Amino acid sequence: GVTAILKALDTFATDSPIQEAGCIALHNLCAKSAENRKLAAKEDAIQRVIRAMKECSGSASVQEAACKAIINLTAKNMPNKILLGEQDGINVLLKTIQRYANNPVVM
(Lines give C-alpha, C1' and ligand atoms only; values in the text may rest on other atoms or scores of the structure.)
Protein backbone atom coordinates (compact mmCIF):
# COMPACT_ATOMS: atom_id res chain seq x y z
CA GLY A 1 0.00 0.00 0.00
CA VAL A 2 0.86 3.63 0.43
CA THR A 3 3.36 3.03 3.27
CA ALA A 4 5.39 0.49 1.28
CA ILE A 5 5.52 2.79 -1.74
CA LEU A 6 6.75 5.70 0.37
CA LYS A 7 9.43 3.52 1.93
CA ALA A 8 10.68 2.57 -1.55
CA LEU A 9 10.69 6.24 -2.60
CA ASP A 10 12.82 7.01 0.48
CA THR A 11 15.20 4.09 0.03
CA PHE A 12 15.85 4.75 -3.66
CA ALA A 13 15.51 8.55 -3.75
CA THR A 14 17.74 9.04 -6.80
CA ASP A 15 16.73 5.93 -8.76
CA SER A 16 14.59 7.24 -11.62
CA PRO A 17 12.82 3.95 -12.49
CA ILE A 18 11.86 3.39 -8.82
CA GLN A 19 10.70 7.00 -8.44
CA GLU A 20 8.62 6.72 -11.60
CA ALA A 21 7.04 3.43 -10.49
CA GLY A 22 6.35 4.80 -7.01
CA CYS A 23 4.68 7.92 -8.37
CA ILE A 24 2.56 5.83 -10.75
CA ALA A 25 1.54 3.58 -7.86
CA LEU A 26 0.56 6.61 -5.74
CA HIS A 27 -1.36 8.00 -8.70
CA ASN A 28 -3.30 4.76 -9.02
CA LEU A 29 -3.93 4.23 -5.30
CA CYS A 30 -5.21 7.78 -4.84
CA ALA A 31 -7.23 7.96 -8.06
CA LYS A 32 -10.58 7.10 -6.51
CA SER A 33 -9.80 6.72 -2.82
CA ALA A 34 -10.21 9.65 -0.45
CA GLU A 35 -8.93 7.36 2.30
CA ASN A 36 -5.67 6.72 0.43
CA ARG A 37 -5.29 10.47 -0.26
CA LYS A 38 -5.63 11.18 3.47
CA LEU A 39 -3.20 8.42 4.41
CA ALA A 40 -0.71 9.57 1.77
CA ALA A 41 -0.85 13.13 3.12
CA LYS A 42 -0.45 11.94 6.70
CA GLU A 43 2.66 10.02 5.67
CA ASP A 44 4.18 12.94 3.69
CA ALA A 45 3.64 11.52 0.21
CA ILE A 46 3.50 14.99 -1.35
CA GLN A 47 6.92 15.82 0.06
CA ARG A 48 8.33 12.61 -1.41
CA VAL A 49 6.79 13.23 -4.83
CA ILE A 50 8.25 16.73 -4.86
CA ARG A 51 11.63 15.28 -3.87
CA ALA A 52 11.36 12.80 -6.76
CA MET A 53 10.77 15.72 -9.13
CA LYS A 54 13.83 17.53 -7.78
CA GLU A 55 16.16 14.50 -7.61
CA CYS A 56 15.13 13.20 -11.03
CA SER A 57 14.58 16.52 -12.79
CA GLY A 58 16.24 15.20 -15.94
CA SER A 59 13.79 12.33 -16.32
CA ALA A 60 10.68 13.16 -18.33
CA SER A 61 9.04 9.92 -17.24
CA VAL A 62 9.51 10.73 -13.54
CA GLN A 63 8.15 14.23 -14.10
CA GLU A 64 5.09 12.85 -15.89
CA ALA A 65 4.41 10.25 -13.17
CA ALA A 66 4.96 12.78 -10.39
CA CYS A 67 2.57 15.29 -11.98
CA LYS A 68 -0.08 12.58 -12.25
CA ALA A 69 0.49 11.60 -8.62
CA ILE A 70 0.12 15.21 -7.51
CA ILE A 71 -3.13 15.55 -9.45
CA ASN A 72 -4.63 12.59 -7.62
CA LEU A 73 -3.12 13.41 -4.24
CA THR A 74 -4.69 16.86 -4.35
CA ALA A 75 -8.01 15.96 -6.01
CA LYS A 76 -10.95 17.02 -3.85
CA ASN A 77 -8.56 17.48 -0.93
CA MET A 78 -7.88 21.04 0.20
CA PRO A 79 -5.44 20.03 3.00
CA ASN A 80 -3.26 18.27 0.41
CA LYS A 81 -3.42 21.32 -1.88
CA ILE A 82 -2.22 23.47 1.02
CA LEU A 83 0.58 20.99 1.74
CA LEU A 84 1.65 21.15 -1.90
CA GLY A 85 2.03 24.92 -1.65
CA GLU A 86 3.75 24.80 1.75
CA GLN A 87 6.30 22.25 0.54
CA ASP A 88 7.44 24.27 -2.49
CA GLY A 89 5.43 22.07 -4.83
CA ILE A 90 4.07 24.94 -6.91
CA ASN A 91 7.58 26.18 -7.71
CA VAL A 92 8.74 22.66 -8.58
CA LEU A 93 5.73 22.18 -10.87
CA LEU A 94 6.44 25.50 -12.57
CA LYS A 95 10.07 24.49 -13.18
CA THR A 96 8.87 21.21 -14.69
CA ILE A 97 6.46 23.08 -16.96
CA GLN A 98 9.26 25.39 -18.11
CA ARG A 99 11.77 22.57 -18.63
CA TYR A 100 9.37 20.26 -20.44
CA ALA A 101 7.10 22.76 -22.20
CA ASN A 102 7.79 21.17 -25.58
CA ASN A 103 7.63 17.57 -24.37
CA PRO A 104 4.20 16.04 -25.12
CA VAL A 105 4.88 13.17 -22.72
CA VAL A 106 5.03 15.48 -19.70
CA MET A 107 2.63 18.16 -20.86
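**Entry 1: α1 and α4**

I began with the pair α1 and α4, whose axes come within 10 Å and cross at roughly 35°. I noted that this is a predicted model, and I kept that in mind for every entry below. The crossing of α1 and α4 is left-handed. When I looked up which residues make the contact, I found Leu6, Leu9 and Asp10 on the α1 side, with Ala45, Arg48 and Arg51 on the α4 side. Sorted by class, the residues of this contact are 3 nonpolar and 3 charged, with no polar ones.

**Entry 2: α4 and α5**

Next I followed α4 (residues 45-55) to α5 (residues 60-74), and I found their axes 9 Å apart, with a packing angle of about 160°. Because angles over 145 degrees count as roughly antiparallel, I wrote down α4 as roughly antiparallel to α5. I also recorded that α4 and α5 cross in a left-handed way.

Which residues meet here? From α4 I listed Ala45, Ile46, Val49, Ala52 and Met53, and from α5 I listed Val62, Gln63, Ala66, Cys67, Ala69, Ile70 and Leu73. By class, the contact of α4 with α5 holds 11 nonpolar residues and 1 polar residue, and no charged ones.

**Entry 3: α5 and α6**

I then turned to α5 and α6 (residues 78-86), whose axes come within 7 Å and cross at roughly 135°. That angle makes α5 oblique to α6. In this contact Ile70, Leu73 and Thr74 of α5 meet Asn80, Lys81 and Leu84 of α6, and the classes come to 3 nonpolar, 2 polar and 1 charged.

**Entry 4: the largest nonpolar core**

I wanted to know which residues of the largest nonpolar core touch the most other members. This core has 25 residues, and the ones I was looking for are Cys23, Leu26, Val49, Met53 and Leu73. The elements giving two or more residues to the core are α1 (2-11), α2 (16-30), α4, α5 and α7 (89-99). Its largest share, 7 residues, comes from α5.

**Entry 5: Met53**

Finally I looked up Met53, which I had already met in the contact of α4 with α5 and again in the core. What does Met53 touch, if its neighbours within four places in sequence are left aside? I found Met53 in contact with Gln63, Ala66, Cys67 and Ile70, and also with Val92, Leu93 and Thr96.

Methods. Residues are numbered from 1 along each chain as its sequence is written. This is a predicted model: local features need pLDDT of at least 70, side-chain atom pairs count only at pLDDT 80 or more; totals for chains, interfaces and linings use all residues. Side-chain values use heavy atoms; hydrogens and water are left out. Axes are lines fitted to C-alpha atoms, for helices over the stretch in contact, and angles run from 0 to 180 degrees between N-to-C directions. Helices (H or I, at least four residues) and strands (E, at least two) are DSSP runs, numbered from the N terminus. Angles under 35 degrees count as roughly parallel, over 145 as roughly antiparallel, 65 to 115 as roughly perpendicular and the rest as oblique. A crossing is left-handed if the near helix is turned anticlockwise from the far one by less than a right angle, and right-handed if clockwise. Contact means heavy atoms within 4.5 Å. Ala, Val, Leu, Ile, Met, Phe, Trp, Tyr, Cys and Pro count as nonpolar, Asp, Glu, Lys and Arg as charged, and the others, Gly among them, as polar. A nonpolar core is a set of buried Ala, Val, Leu, Ile, Met, Phe, Trp, Tyr and Cys residues joined through side-chain atoms within 4.5 Å. Buried means under 20% relative accessible area, exposed over 50%, partly exposed in between (1.4 Å probe, protein chains only).
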